[in-house]
Amino acid sequence: MPLITSSKTQPSYDVIVVGSGAAGGQTAYTCAMNGAKVLMLEAGRNYDPVKETPMFQTNGTAPLRGERTDEKPFGFYDSTVDGGWQVPGEPYTSASSAPERQFWWWRARMLGGRTNHWGRISLRNGPYDFKPYSRDGLGMDWPLNYEDVAPYYDKVEMLIGVYGGNEGLENTPVSPPGVLLPPPRARAGERLAQARAKQLGLPVIPIHRAVLSVAQDAANIPAKLHPNNPKAQRVLAEAMRARQACFWATACGRGCATKANYQSTTVHLPPALASGNLDILPNAMAREITLDAAGKANGVIYIDKTTGAEGVVKGKVVVLAASSAESVRILLNSKSARFPNGLANSSGKVGKYIMDTVGASLNGQVPLLESLPLHNEDGAGGAHVYVPWWLYQEQAAGKLDFARGYHIEFGTGRQMPGAGTSSGLEWLTGGSYGRQFKEDARRYYGSQLGFAGRGEMIPNDDSFCDLDPNVKDKWGIPVLRFHWQWSQHEIRQAAHMQKTFAGLIEAMGGKVRTPPQKDATKAIEPGGKIIHEVGGTIMGANATNSVTNQWCQTWDVKNLFISDGGPFVSNADKNPTLTIMALAWRSADYMLEEMRKGNI
Amino acid sequence: MNNPSPNRLDRRTAIKWMLTAAASMAALEHISLGAAGGPPVPAKGYGTDPDLLQAYKPGDVWPLTLNPAQLAMVVALCDVIIPADAKGPSASSVGVHLFVDEWISAPYDGHGADRTTVVEGLAWLDTESRRRFGNPFVNLIASQKNAICDDICYVPKAKPEFATASQFFKKFRDLTAGGYYTTPEGMKDIGYVGNVPLAAFDGPPPEVLRKLGLA
């Protein structure tokens with residue numbers, strides 16, 4: 001079974017998966033490797049990182065030296081195809097015109113979705129992160145514990161390949177022996193930060209990223225992931241052997257032609273396709289889910305973007321993995337006499353409690369890092385270290401003016417020059433030009449660094465999405481309208497981030513380029529800017545206040561599942577992708593078992 | 001759109017710059033060409049799904065729009081900012097002037113404002129050159145070019161009459177640097193030694209750690 005066109009779809013499938021990113025990739029992988037016949041719908045075009053990734057291209061060969069534009073918002077060589085915070089012909093709207101109440105919705109219309117360009121940061125939620133309400137009375141608890149998810153974190157880490165350390169810090173889980181790959185050594189700026197951060201009490205430890213620092217153990221991992229399934233073991237072993245270890249060049253955001261990092265298109269989809277159980281239909285924009293007379297999901301109506309024609313595919317189970325907000329949109333557009341307010345929405349919670357990550361940053365310059373001997377700092381195409389949230393005790397003691405934590409990401413090093421290299425240097429040079437400027441450019445290259453906070457947002461009643469009553473996209477599908485509001489917790493957290501970063505830069509002997517914002521509402525990034533949107537179809541313990549149960553199965557329709565970030569009840573500071581995959585795998589295991597039992 | 005603006009100041013622009021130069025008129029000091037901006041040149045961009053493997057050069061995707069006189073000034077000013085020295089060539093010898101033209105001719109948000117800043121800045125520079133030295137900028141000797149650049153090279157210290165010109169120079173220096181340091185010669189000049197496959201990543205070499213006091 002392969003990449004297909006509309007006319008080649010089978011009359012019916014066991015499972016229809018809408019979306020091909022982290023959630024759709026994992027769901028399709030788990031189902032196909034266990035023998036279910038799967039159809040995957042993807043709204044964007046087919047995409048092959050092996051053939052399309054610009055691996056060694058330098059910015060000098062790109063238009064505008066690779067600088068970001070409206071059409072390529074993360075720069076020319078970013079892997080994103082037909083995506084960004086705006087997608088031509090596929091608008092969304094905002095309920096408010098106030099700048100601070102906007103939500104920026106990122107989409108990537110391509111096979112593999114956002115997994116092609118993401119930062120590969122793969123942090124586990126800790127035990128606290130599933131029970132936030134119990135700890136501080138804010139938000140809601142998840143209907144599951146860390147222990148329920150931990151085996152799936154193990155499996156996902158082994159499947160995709162994650163480098164990192166096991167320090168055992170508070171609420172920062174360790175992985176079992178043999179699961180993680182060795183972390184790369186810290187770069188010069190990262191090492192200096194590590195040494196100096198100690199005096200501030202900040203632990204700088206290896207970050208976890210989905211990059212193969214060494215080749216995967218193709219001889220042993222497949223049997224651990226697929227016991228008693230020789231075919232799956234054989235298929236996975238072959239797929240793992242087709243992946244190379246990182247060769248320490250080329251930024252991960254471009255994608256990876258040698259499959260050294262995780263993207264759905266190089267890790268989940270090849271073995272799922274090789275199993276013979278997966279059809280992928282690209283350019284298929286899902287519009288609504290169809291129901292049978294008994295109220296069970298039985299198919300998906302989509303628009304074939306290559307022809308504009310409407311198509312229908314049939315399946316025994318439907319899994320939404322379209323990204324949390326896009327899945328909300330499909331549910332709200334699936335109206336029927338039985339579900340007049342949208343499918344699986346008897347609770348009225350579809351679209352509610354959307355969350356992003358709190359983001360703030362600060363840049364500086366460190367004289368010790370000037371004029372260093374030439375050396376190669378490309379590394380793993382992203383950060384090697386980070387600071388996990390470290391103030392649990394202070395927060396519990398009431399010493400902070402906000403709830404929930406953040407981690408710190410680093411931007412350091414002698415990175416490949418881009419259009420912004422050596423720009424804005426006059427705050428250091430006093431405006432040099434000519435030969436002096438060239439000397440200054442050499443001196444300061446690699447001495448400037450930045451820190452970015454990624455923090456937990458607490459779900460609130462003012463941050464949600466619904467259907468815009470008037471606006472449709474170019475396919476005639478009603479679009480989402482976003483409502484957004486940060487609370488004081490997030491705004492104060494952003495202020496705390498900037499103050500911390502200023503202290504860290506000073507502890508390194510450096511100076512900040514611009515001081516922390518006095519008005520913290522100016523420090524926090526807009527909602528959606530960090531591209532960690534989750535929630536909207538939250539899971540819960542009962543059908544009255546949530547959309548799904550702990551298995552990502554909708555309460556209202558037993559054979560309808562949501563495996564993207566939609567069921568997230570909270571959005572811990574840990575980047576959501578790893579948890580999306582762990583929950584998707586767990587959900588798929590449950591779904592397959594329910595199918596075997598004849599319950600769905 | 002091949003010659004959207006003459007090299008000489010038009011009347012409206014000349015008045016605006018003169019007003020800016022009238023330092024005593026405090027209310028007018030904040031006139032900023034960049035903020036006033038202007039729409040980008042209407043042209044088609046590379047779209048949302050460009051071929052990432054092709055090597056591009058300025059002019060391949062959208063037309064370049066500076067006229068020959070403007071381009072000659074860009075060459076001259078680029079090389080004042082980044083001249084040849086022992087470690088690297090001059091900016092224009094590796095085509096940075098064409099990148100500046102590509103940038104200000106681009107059809108994207110923000111590029112229209114940069115276009116206004118650069119085109120009007122070049123016109124001011126030429127006028128100023130003629131006023132001070134009786135010659136166009138491209139014909140000035142190095143010390144004369146430097147005399148003007150010294151007045152406009154640092155925004156915080158520029159005299160009020162050079163406030164707008166210093167904003168132009170800042171933008172132009174940034175463009176020149178970005179264009180230069182992304183060329184193979186510029187990457188070598190600044191000391192970038194990556195983008196090569198390695199069998200292992202060993203972290204900073206001992207001499208780096210010693211310098212940082214971490215050895």
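Which residues have the most contacts inside the largest nonpolar core? They are L41(A) and I160(A), in a core of 157 residues. This is a predicted model, where local features need pLDDT of at least 70, side-chain atom pairs count only at pLDDT 80 or more, and totals for chains, interfaces and linings use all residues. Residues are numbered from 1 along each chain as its sequence is written, chains are lettered from A and ligands numbered from 1 in the order in which they are written, and side-chain values use heavy atoms, leaving out hydrogens and water.

**Nonpolar cores**
- A nonpolar core is a set of buried Ala, Val, Leu, Ile, Met, Phe, Trp, Tyr and Cys residues joined through side-chain atoms within 4.5 Å; buried means under 20% relative accessible area (1.4 Å probe, protein chains only).

**Aromatic pairs**
- Rings of Phe, Tyr and Trp (its six-membered ring) pair if their centres lie within 6.5 Å, with planes under 30 degrees apart counted as stacked, over 60 as edge-to-face and the rest as tilted.
- By this rule there are 37 aromatic pairs over all chains.
- W85(A) and W106(A) pair edge-to-face, at 4.9 Å centre to centre and 85° between the planes, and both are buried.
- F76(A), Y77(A), Y46(B), Y56(B), W62(B) and Y108(B) are linked into a cluster by ring pairs.

**Confidence**
- The model has ipTM 0.95 and pTM 0.94.
- Chain B has a mean pLDDT (the predictor's confidence in each residue, from 0 to 100) of 87.
- Over residues 1-12 of chain B, the pLDDT is below 50.
- Where pLDDT is low, the predicted coordinates should not be read in detail.

Note on methods: Buried means under 20% relative accessible area, exposed over 50%, partly exposed in between (1.4 Å probe, protein chains only). Contact means heavy atoms within 4.5 Å.
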